[in-house]
Amino acid sequence: QVQLVESGGGLVQAGDSLRLSCTASGHTFSYYVMGWFRQAPGKEREFVAAAGWSGGSTLYADSVKGRFTISRARAQTTVHLQINSLKPEDTAVYYCAAGNSMAVVAHAYDYWGQGTQVTVSL
């Protein structure tokens, strides 16, 4: 069993930056991949980014590549999402997830956090 807790969301203005964090506890040794998804009102949950065990292998959605950076802490139980140049379109609940494969589909992940709200105003 794994428990994930996100933090770092909030209300910001367009162009600002945020750093989201996710900390895992429990049997974290069983999960190779940690990633981020987001879900805006009326939309399906979409993939944002993922990182492998060491953080050396990463995947990004085309929509965020260049602005978002995922990093895996050396302890390997914490993952961060640095978001630069925030846009109103980035407004969503951001979820941390853990799984065993580098995937862009939500069902590939086994555990999820409760989410943290990111709201970007004009």
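The questions and answers below concern a predicted model of one protein chain.

User: How many helices and how many strands does the chain have?
Analyst: Read along the sequence, the predicted chain follows the pattern β-β-β-β-β-β-β-β-β-β-β. In terms of counts, that chain has zero helices and 11 strands.

User: What radius of gyration does the chain have, and how does that value stand against a compact globule?
Analyst: The C-alpha atoms fill a box of roughly 40 × 30 × 25 Å, taken along the principal axes. For 122 residues, a compact globule would have a radius of gyration near 14 Å, and the value for the chain agrees with this, being 13 Å.

User: What percentage of the contacts between residues at least 6 apart in sequence join residues at least 24 apart?
Analyst: A contact here requires heavy atoms within 4.5 Å. Among contacts in the chain between residues at least 6 apart in sequence, the share that joins residues at least 24 apart is 57%.

User: Which residues does the disulfide join, and in which strands do they lie?
Analyst: The chain has one disulfide, with a distance of 2.1 Å from S to S between C22 and C96. The two cysteines belong to distant parts of the chain, 74 residues apart, and the strands that hold them are β3 (residues 18–26) for C22 and β9 (residues 92–99) for C96.

User: Is the link of C22 and C96 left-handed or right-handed?
Analyst: The handedness is given here together with the angle about the S-S bond, which is -80 degrees for C22 and C96. With that angle, the link is left-handed.

User: Are C22 and C96 buried or exposed?
Analyst: A residue counts as buried when its relative accessible area is under 20%. C22 has a relative accessible area of 0%, and C96 likewise has a value of 0%. Because these values fall under that cut-off, C22 and C96 are both buried.

User: Where does T69 lie, and what is its relative accessible area?
Analyst: T69 lies in strand β7, which covers residues 68–72.

User: Which residues is T69 in contact with, leaving aside its neighbours within four places in sequence?
Analyst: M34 is 35 residues from T69 in sequence, and their C-alpha atoms are 13 Å apart in space. With the neighbours within four places set aside, the residues in contact with T69 are Y60, H80, L81 and Q82.

Methods. Residues are numbered from 1 along each chain as its sequence is written. This is a predicted model: local features need pLDDT of at least 70, side-chain atom pairs count only at pLDDT 80 or more; totals for chains, interfaces and linings use all residues. Side-chain values use heavy atoms; hydrogens and water are left out. Helices (H or I, at least four residues) and strands (E, at least two) are DSSP runs, numbered from the N terminus. The radius of gyration is taken over C-alpha atoms; the globule rule is 2.2 Å times the number of residues to the power 0.38. A disulfide is a pair of cysteine sulfur atoms within 2.5 Å. Buried means under 20% relative accessible area, exposed over 50%, partly exposed in between (1.4 Å probe, protein chains only).
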